[in-house]
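Thanks for coming. I will take a few parts of this chain in turn, so please keep the structure open while I talk.

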Amino acid sequence: MQKILDAILADERDALAHLPVPETYKGMTVHADEVNLFDGMATADKDPRRSLHLDEVPTPELGPGEALVAVMASAINYNTVWTSIFEPLSTFGFLKRYGKTSPLASRHDQPYHVVGSDLAGVVLRTGPGVQAWKPGDEVVAHCLSVELESPDGHNDTMLDPEQRIWGFETNFGGLAELALVKTNQLMPKPKHLTWEEAASPGLVNSTAYRQLVSTNGANMKQGDTVLIWGASGGLGSYATQFALNGGAIPVCVVSSEEKAEICRRMGAELIINRNAEGYRFWKDEHEQDPREWKRFGAKIRELTGGDDPDIVFEHPGRETFGASVYVARKGGTIVTCASTSGYMHSYDNRYLWMNLKRIIGSHFANYREAWEANRLIAKGKIHPTLSKVYSLSETGQAARDVQSNAHQGKVGVLCLAPEEGLGVRDPELRARHLSDINRFRGV
Ligand SMILES: NC(=O)c1ccc[n+]([C@@H]2O[C@H](COP(=O)([O-])OP(=O)(O)OC[C@H]3O[C@@H](n4cnc5c(N)ncnc54)[C@H](OP(=O)(O)O)[C@@H]3O)[C@@H](O)[C@H]2O)c1
């Protein structure tokens, strides 16, 4: 591994095709024999630092249409939190089911799961049939894994019946020294970014792009008022940038003054601190309080000068969904990709049908959408939201930060990269955007 790293750091990319691939590598794993580790504990007490392990694992065999990538950096996504606390399901069930689909897929069914759905790195090897990528290419990877043998996925690859999220529903993810991907996950690494900056937007940037901008999602247009929950978080920090970049008007909901300040730094003007306002959308575990929805809606109108949101960018789920459906404007759209606070939503359907609102479900992004989202990063129109970087061995702490909402934007992880700040190839473009690239740092 050291020879591979030395060649990358010395910019001897042609040498990579000739260096032997190590038989094992270090990866961050959860273990199948620990899926009951947290039984009986409250979700918040299930600590990823106990379940995530840095293991030496065998390098998987390379199949057709695949690439083995030397991972320089990765990032934490909430899916790694879910995997590491074995909620709502153990991801070993996903690996087992995938493993049964073909002899090649059986590689994924292991007693360990190498996690992680983002990477920036360098291609080491490509499998049979790959024309578009070669050893030495500097890449980022999006996390959509598809088979495309069924007709269903050929208008929109997210509809492939064999659609999976790499590093969550497949093995050999990005929080490791090496990763196995399909080459239709690869995209050029933005040249003005360091490895850790380039690795951090991937999953959330692509998801927010489809959810908010794409015709498959809310199809946002200039002038739209967009209510964004968690506007300084992983998804929200990109949704806020897409809204501003696309001429829309974000109304950013956050839980602290620090987070409000980050939204201002991104250029947002309309901000609601949900803690300071003290909203209690649920009276108790079973009943919501429509007066609190109204109070929230009134605050939005106060900020916008009377406008209700054309689009509500939803992901907190159960706790906020009733309010989200209520505050969307007549004919407006609630677009949801998650349920962090609980997936059994309830809302007053009279407000939906009588006001001709729509709820749209959105999940990750197809290759085209991920590519467009990455292109905006590469052109310096949308910026990484990296706040903090950990080493690979500290991944458990990094995941704990995200689980306990103690982070801002994205939390990065150095894999093979020995330090931060490496990998920049276009210092001029970087210099032009440096303050934007760094705006989440040290907050
Ligand atoms: N379907 C997909 O493809 C997809 C892709 C990415 C993520 N996700 C899911 O989306 C969710 C968010 O991911 P993320 O990366 O954005 O996570 P994140 O970085 O933790 O950000 C989420 C933000 O939501 C806000 N929030 C959390 N709980 C809330 C509540 N009960 N009420 C109101 N706001 C709340 C918090 O912001 P404040 O405290 O500042 O309000 C938090 O910073 C996760 O469940 C993740 O698994 C799904």
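Which residues are buried in α13? Before I answer, note that this is a predicted model. In α13 the buried residues are E369, A370, A373, N374, L376 and I377. Looking down the axis of α13, these buried residues fall within an arc of 150°, so they line one face of the helix. That face has several partners: the buried residues of α13 pack against β6, at 138-141, and β10, at 186-188. They also pack against the helices α6, at 202-213, and α7.

The helix itself covers residues 367-378, which is twelve residues. From its first C-alpha to its last, α13 reaches 16 Å, close to the 16 Å expected at 1.5 Å a residue. At the N-terminal end, N366 caps α13. A side-chain oxygen of N366 lies 3.2 Å from the backbone nitrogen of R368. Just after the helix comes G380, with a positive phi of about 75°.

Now the other helix I want to show, α1, residues 2-9. Its buried residues are I4, L5, A7 and I8. Seen down the axis of α1, they fall within an arc of 160°, so here too the buried residues line one face of the helix. Q2 and K3 are exposed, on the other side of α1.

Next, aromatic rings. The count comes to 14 aromatic pairs. I will take one of them, W229 with F296. Their ring centres are 5.2 Å apart and their planes are at 25°; a pair with planes under 30 degrees apart counts as stacked, so this one is stacked.

F281 is worth a look by itself. It lies in the loop between α9 (274-277) and α10. Is F281 buried or exposed? At 7% relative accessibility, F281 counts as buried. Leaving out residues up to four places away in sequence, F281 touches W229, Q288, D289, E292, W293, F296, E319, T320 and A323. Take E292 from that list: F281 and E292 are eleven residues apart in sequence, and their C-alpha atoms are 5.6 Å apart in space.

K189 lies over the face of W195, at 5.2 Å from the ring centre.

At 2% relative accessibility, S145 counts as buried. Which residues does S145 touch, not counting those up to four places away in sequence? They are Y98, E162, Q163, R164, T170 and K182.

Last, some backbone geometry to check on your screens. L356 is not a glycine, yet it has a positive phi of about 50°. It sits in the loop between α12 (349-354) and β16 (358-361). L356 has 58% relative accessibility and counts as exposed.

F364 is also not a glycine, and its phi is positive, about 20°. F364 is found in the loop between β16 and α13, which brings us back to the helix I began with. With a relative accessible area of 2%, F364 is buried, whereas L356 is exposed.

Finally, where is there a cis peptide bond? One joins E87 and P88, with omega about -15°. P88 is found in the loop between α3 (78-85) and α4 (92-99).

To recap the two helices: the buried residues of α13 line one face, and so do those of α1. That is what I had; I will take questions now.

Key:
Residues are numbered from 1 along each chain as its sequence is written. This is a predicted model: local features need pLDDT of at least 70, side-chain atom pairs count only at pLDDT 80 or more; totals for chains, interfaces and linings use all residues. Side-chain values use heavy atoms; hydrogens and water are left out. Rings of Phe, Tyr and Trp (its six-membered ring) pair if their centres lie within 6.5 Å; planes under 30 degrees apart count as stacked, over 60 as edge-to-face and the rest as tilted. A charge sits over a ring if NZ of Lys or CZ of Arg is within 6 Å of the ring centre and within 35 degrees of the ring normal. Helices (H or I, at least four residues) and strands (E, at least two) are DSSP runs, numbered from the N terminus. The expected span of a helix is 1.5 Å times one less than its number of residues. Buried means under 20% relative accessible area, exposed over 50%, partly exposed in between (1.4 Å probe, protein chains only). The arc is that of the directions from the helix axis to the C-beta atoms. Contact means heavy atoms within 4.5 Å. A polar contact is a pair of N or O atoms within 3.5 Å; within protein, one must be able to donate a hydrogen and the other to accept it, and residues adjacent in sequence count only if both atoms are side-chain atoms.
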